[in-house]
Amino acid sequence: MRTAMMVLAAASVLSAQKADFGKAYSFDERKPKTQIERTVDKLMPSIVKIHGASGLATIKSYATGIIVSDQGHIVTLDQILLQKDRTRVVLYDGSVHEAILYPADEKLLVRILKIDPEEVDGKLQPLWPPSEEQATYRNGQFVVSLGNSFRLAEFSEKVSATFGVVVGKANTALRYRMADVKYDNDIILTDACNNPGHYGGGLFTLDGRWIGLNMRLLDSKETNTMWSAAIPSRDLLPYLEERVLGKKREVETDKVVPVWTGITLFEQAGRQSPPAYVERVKRDSPGRTLGLRVDDLIVRIDDFSIRSCSELRSVLKKYVPGQTVKVMWKRGTRVMTGDMTLSEEPKK
Amino acid sequence: MNLRPAIVLFGLLLPLAAQPGNVDEFLKLEPVLQAALKKAGPYLVTVETFGGTRHTLGKDGPMDGPAPPTPRQKPKQVPKLEPKPLPDELPVPLDPAQPATPSEQDPEKHEPVPMPDGKPQDPQDKEKDDKKKLGLVAGGFQQAQGKTSGIVLTSDGWIMISRFALNLDPTTILINVPGHGTYHAQRVGEDTSRGIALVKIEVEGLPVPEFVHPDNIHVGQWAFALGRTFAEDDPTVHLGIVSAKQRLFGRALQIDAYTSPANYGGAVVDIHGRVLGIAVPLSPSGRNAGVEWYDSGIGFATTIADIPDLIERMKNGEILQRGWLGVQLSTSHLGPGAKITGTPKDGAAKEAGLRKGDIIMKVDGVDVLNGPHFMMLVSSRLGGDSCTLVVQKKQKDSEPVEVGPIVLKDAPWSEQRKGKEDLPASFSLPEPEGGR
Amino acid sequence: MMLLAVLASCVMQDPIDAVAASEAHRVAVIDRCAQAVCSVMSMDAPGGGSGVIFDPAGFVLTNYHVVGKPDDDYKLPDPPQPPEAVLEAWRQQTEGDDPDEAAFIAKWQKEWRREHQPSGASHYKNKKIGLPDGKLYEGVVLGIDPGSDLAVIRLLPKVAGQTWPSCTLGNSDALLVGETVFAMGNPFLLATDFTPTVTFGIVSGTHRYQEGQGNRMLVYPDCIQVDAPVNPGNSGGPLFNEAGEVIGINGRISIGDRGRVNVGVGFAIAANQIKNFLGDLVAGRHTEHGTLDMSAWFMNSRAGKTHKRGVFVQQTFADSIVAKAGVALGDEITSFNGIEVRSANQLATLVGVLPAGTWVTLSHRPQAALGGFGDEREVTVKLTALDTGSSRDGTGDDARLGSRIDRRIAKDQIVNSWPESSEPGVTVQWTRRGPDGSKLVAITDGERIRLEIARSVLVSLDEKEGDGTQGFAKANGEVRDLTADERERLRRERISNPVLWPRAAVAAHLQHALLVGGVHVHGAPAYRFALPGDGDCEAWLFLDGTPAGFAFRDPMRRAHVQWFVRDTKLRVVVDGELETGWSSGMRATGKPEDQWFRRDA
């Protein structure tokens, strides 16, 4: 009997939550039946449309955001021109709200906005990044991506939903057009399409867990193609906890000590990006310890393909002295591998 | 016998059993997909290339098929119609944040385009400035030298890769077999009409996949395109279904899973983890790489299980090209048979005596329904293959004659990207008010 | 224990078996649907799009922009000579006399033209349609709807009586975001064997409004947004739900920076919108869309200020149809055709799917002089035509792209598709109450009809004889024969009012009818059938064959009267103007009462 009462109470709470926003959408619809439909239906009230100042040719003025607190905090990508007094948030019920801007996170390029919860009819339905076990995802996992692609949804119309899988992870050689992505952790690649306007929306598993924040379309140097991708939601936590919960964040000291390998590469004149052939290896260097010789071709460092001298240089920038890397190189027709411990440049 | 626990169990299980057969299919598909990935991983290899130059191959050349439009058929200039002098009265959805000028179209709102009906781009068509980006997909796709994928064919080291990986004529090809190591690969043979190539590595005991014959593949079944471009433990996955069979004149499946350099050369597998085909860029005109269709929902997977003899030829180092007969066909002759409107010189057809006005009635004993059917019968063959035709000559009273066997020539172009002037199978936007 | 084991094994089914079963089911549905999907091409120009056969008689739905504009320089072919057999029969008939063979041939050719050739000003060359069986067919373009990018083509059979596999139109309003759908068509004309390309995706958005091109052509007022890959060449092809019903026609995509390839945003015209125009398209008309001649916008001010949140009239003209009905600038629009209006987009969507000439109801709250709003009031107006700038083929019923043969075939197909009814004879008594109390009662037992108009009674008995003498009138206390006008009035009511037809007799009533177009009746689309004879008689029936209304020239009122009927809802339009105050009631009984039809009763 008690279980029945609890179930009833839970059901009424759930339905009350749904009813809080009032009848948002304009057309009468049937009830969701499949898992995708149910997930989309459950998550829609947490997705908002954001309008900034008039955009430029390459930067749109509209984006999507996710409500992260019942105080009205909303997280989005800091990729549109947001201006004080010109930024507006449209909720699921079609109501339009002024938003105040919080400072962005420079590395993630995300920003928090805040609306006044008093002006909202009913209760907000915030989402929060899931726990570590809950946030795991695998290649091939089904995902639903929600966002206002091409600004097709206005007022109380629902944002667009696309469906696909987690394609894989990537964290190298990704760019926003001409600028490198500063963020250096794994990014979730997906084939659930991302388009202008979709940015700042969410990537969700089939059972409704929030696993990613949609980024702008990325270029990959690996394939020279454009990608739909999302920042893992858990990577937003330090920023979210700082802005929403008021937790203090440790400031990272960006003291970069360059690594030294002792390898000099053969820079072919006239070639734009020559392959990484070894010209000279200094005595008493990590390269010498590894066993590299003249005319060896370095092809891989850890999981990074090395196809040019400049690529070797940029990959090495990701490491700090003391780290050991797996190196693969080609000598004649043989492929050889070994470990190399990177060090600091010896003081002259 | 204590029945109580049995009854309780029964009561718990009954509602489960009473549920209909498809309890959300996607929830069930997730673990099945993971199992297929696990099964496919071992035979999916990484292909890395080094060196080489970007040079374009092949000359442009005539192809079998519908005759190109004659210069006379320029788009007609339809007189511009006078719109009635009414101000805008269509309700324009407004963003209240913007100034309230009802007639102002929101410049931010993205203008969708009607899908064109697939007509070739007339170079005379003038393009409006703001529609520049609505033009043809840029024909100059810059191929990056990133990793691609390959499939183990035999346990002693025959690997099938995409021809795409060899576009740059690399000096070094490395194959990484998960769990086995990285090997130097020898480039052996290829079939440019199918976008595939064979390389050999010196190794034993490789895991070999199960291949599915096209006869057992069905339109609508799941097709997962796997790749190894982004190096990690699990292959990358793109979700899709089999969109069509026998595309590219019988060579490949068409799938709507996104294919791109991220999975070119990779296996397209079914729910059981068996290989349906290998994902490669292809295009029907054969005139360009087909890469410009990446991630568009139009992808191709060359079937493998139905070409064992071609694989043998490739193992022997042969470079197979698409066959070319050399006929231009009428587009308004609806059949039966295929009507010739032209035979380019140095084509096999002209040398065999075929002429404009002839109607090809049979190919190797098979009745020809119409022009497109004829294309399927002939363009599915390779250079060096032969065919025997039954032709109804132009003279009305003549009996159909047998012509052949005619040996097809190698197509005078290849599946390679030609260069900046390269265009995909050409389609243009119709002007809303006129022009064809 | 055995039972438990069996049960347990049922429950613990290997998930791959369940997936394989779902997959096999989907493969079967796709295989069935694919047979009705075709490639639509021009006869001698390269390029093309897709289409879907929605009727076994070979009617194909596609986009207007796939079909293009009529061929200006296309001349209709000359009529053929009469077949030798026909000439021979005529010669034998007129043997002995001195017949003028040339005159007979001319007369025969004139009749052939009337039957076979459309009477519009400009026409289309036949299109080339490729079907998945590998064959190419010629197709005649019937109706076009440039306003919302639809067109209907009819396949010409290669053998007499040929039928084709077809798919049915489903209910697009039942779609939900997240529902799985399939698009089929011929993107990039890859189907050299005309087997369609099938792509899979979900519904990304519903009831999207997409502005048109140029002069308001190709508007997509109520389209379905999908992420199933749709590319150039898919235009005109169908969008299916899991059950294999056509719920949309693909026609448009949004593109990104890569050029014209799919980026996960495709748009399909909703099936429910297509149904609104089906009658006109299949009848070979060039249709127009309706407009209220006003624009509305959505205000979102907080409650307490002058404007509250709602949809308000933004712009209108002094002589627009809504203004004439009393709707003014600034009024709040509350509902349209009974549907609560919650955004300007929604109003645009609701209006945009209706044909020109549709009668609609609009509820509004007038703005009061001293601020605030008055009480809600309802107005009924007729939508005017939205000018798309595409030239119309003549005016009125002569604006035809379809021939009489096409319209007859369409009529036969439609009537054959309605379920047959074998219910026993029913007597229908239909009462219509007009303004100022006037009453019109029609009673019929399927053969005899009795009309009570005001205080007179007109009765027509079995008209099988055709001379109509077996009837009578009762007026001013006397019984007399019917006048010519009265006889005509009874005839017109009998032949055109489907409310009075027994279900089993519908096919017989429409035997000599022609499909002439469509009409929207109280929110649902219906077909219009023209009946032979004088009086401009038309019978209207909904897509499922239930009565929708009728029209004829009333000899006693000397006016063209249209009756819009849907269950108990009734709307009467006289010479194009709404006549308010009508209501109706219906009764069906088993046996007729003899006294109704007795002269001496």
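## Terms and basis of the model

A residue is called buried when its relative accessible area is under 20%, exposed when it is over 50%, and partly exposed in between, with a 1.4 Å probe and protein chains only.

The structure is a predicted model, in which local features need pLDDT of at least 70 and side-chain atom pairs count only at pLDDT 80 or more, while totals for chains, interfaces and linings use all residues. Residues are numbered from 1 along each chain as its sequence is written, chains are lettered from A and ligands numbered from 1 in the order in which they are written, and side-chain values use heavy atoms, with hydrogens and water left out.

## Chains A and B in outline

Chain A contains 5 helices and 24 strands, where helices (H or I, at least four residues) and strands (E, at least two) are DSSP runs numbered from the N terminus. Buried residues account for 56% of the 348 residues in chain A. A contact means heavy atoms within 4.5 Å, and among contacts in chain A between residues at least 6 apart in sequence, 61% join residues at least 24 apart.

Chain B has 6 helices and 25 strands. Its accessible surface comes to about 18,200 Å², and 54% of this belongs to carbon and sulfur atoms. Among contacts in chain B between residues at least 6 apart in sequence, 70% join residues at least 24 apart.

Thr64(A) sits in strand E2 of chain A, which covers residues 62–67, and it counts as buried because its relative accessibility is 0%. Its side chain takes part in polar contacts, that is, pairs of N or O atoms within 3.5 Å in which, within protein, one atom must be able to donate a hydrogen and the other to accept it, and residues adjacent in sequence count only if both atoms are side-chain atoms. The side chain of Thr64(A) reaches the backbone oxygen of Gly197(A) at 2.6 Å, and a polar atom of that side chain lies 2.8 Å from the backbone nitrogen of Asn148(A). Leaving aside neighbours within four places in sequence, the residues in contact with Thr64(A) include Ile47(A), Val48(A), Thr76(A), His198(A) and Tyr199(A).

## Open sheets in chains A and C

In chain A, 4 strands form an open sheet with antiparallel pairing, in the order E21-E20-E22-E23, where two strands pair if DSSP finds at least two bridges between them. The edge strands, each pairing on one side only, are E21 (304–305) and E23 (334–341) of chain A. Strand E22 (residues 324–331) of chain A pairs with E23(A) in the antiparallel sense over 8 bridges, and the bridge partner of Lys330(A) in E23(A) is Val335(A).

Chain C has an open sheet of 7 strands, also with antiparallel pairing, in the order E26-E25-E24-E23-E22-E21-E34. Strand E26 (478–480) and strand E34 (583–589) of chain C are the edge strands, each pairing on one side only, and the twist averages 15° from one strand to the next. Strand E21 (residues 427–433) of chain C is joined to E34(C) by 7 bridges, with Thr589(C) as the bridge partner of Thr427(C). Helix H10 (residues 484–496) of chain C lies across several strands, including E21 and E26 of chain C, and runs at about 115° to E23(C); axes are lines fitted to C-alpha atoms, for helices over the stretch in contact, and angles run from 0 to 180 degrees between N-to-C directions.

## Aromatic pairs

A search of the whole structure finds 21 aromatic pairs over all chains. Rings of Phe, Tyr and Trp (its six-membered ring) pair if their centres lie within 6.5 Å, and planes under 30 degrees apart count as stacked, over 60 as edge-to-face and the rest as tilted. Phe26(B) and Trp222(B) form an edge-to-face pair, 5.9 Å centre to centre with 70° between the planes. This pair links distant parts of the chain, 196 residues apart, with Phe26(B) in helix H2 (residues 25–40) and Trp222(B) in the loop between strands E9 (196–200) and E10 (224–227) of chain B. Both Phe26(B) and Trp222(B) are buried.

The pair of Phe182(C) and Phe200(C) is tilted, because the ring centres are 5.8 Å apart and the planes are at 50°. Phe182(C) is buried at a relative accessible area of 4%, and Phe200(C) is buried at 7%. Ring pairs link Phe142(A), Phe163(A), Phe26(B), Trp222(B), Phe182(C) and Phe200(C) into a cluster.

Terms used: Areas by Shrake-Rupley, 256 points an atom, 1.4 Å probe, with all protein chains shown as cover.
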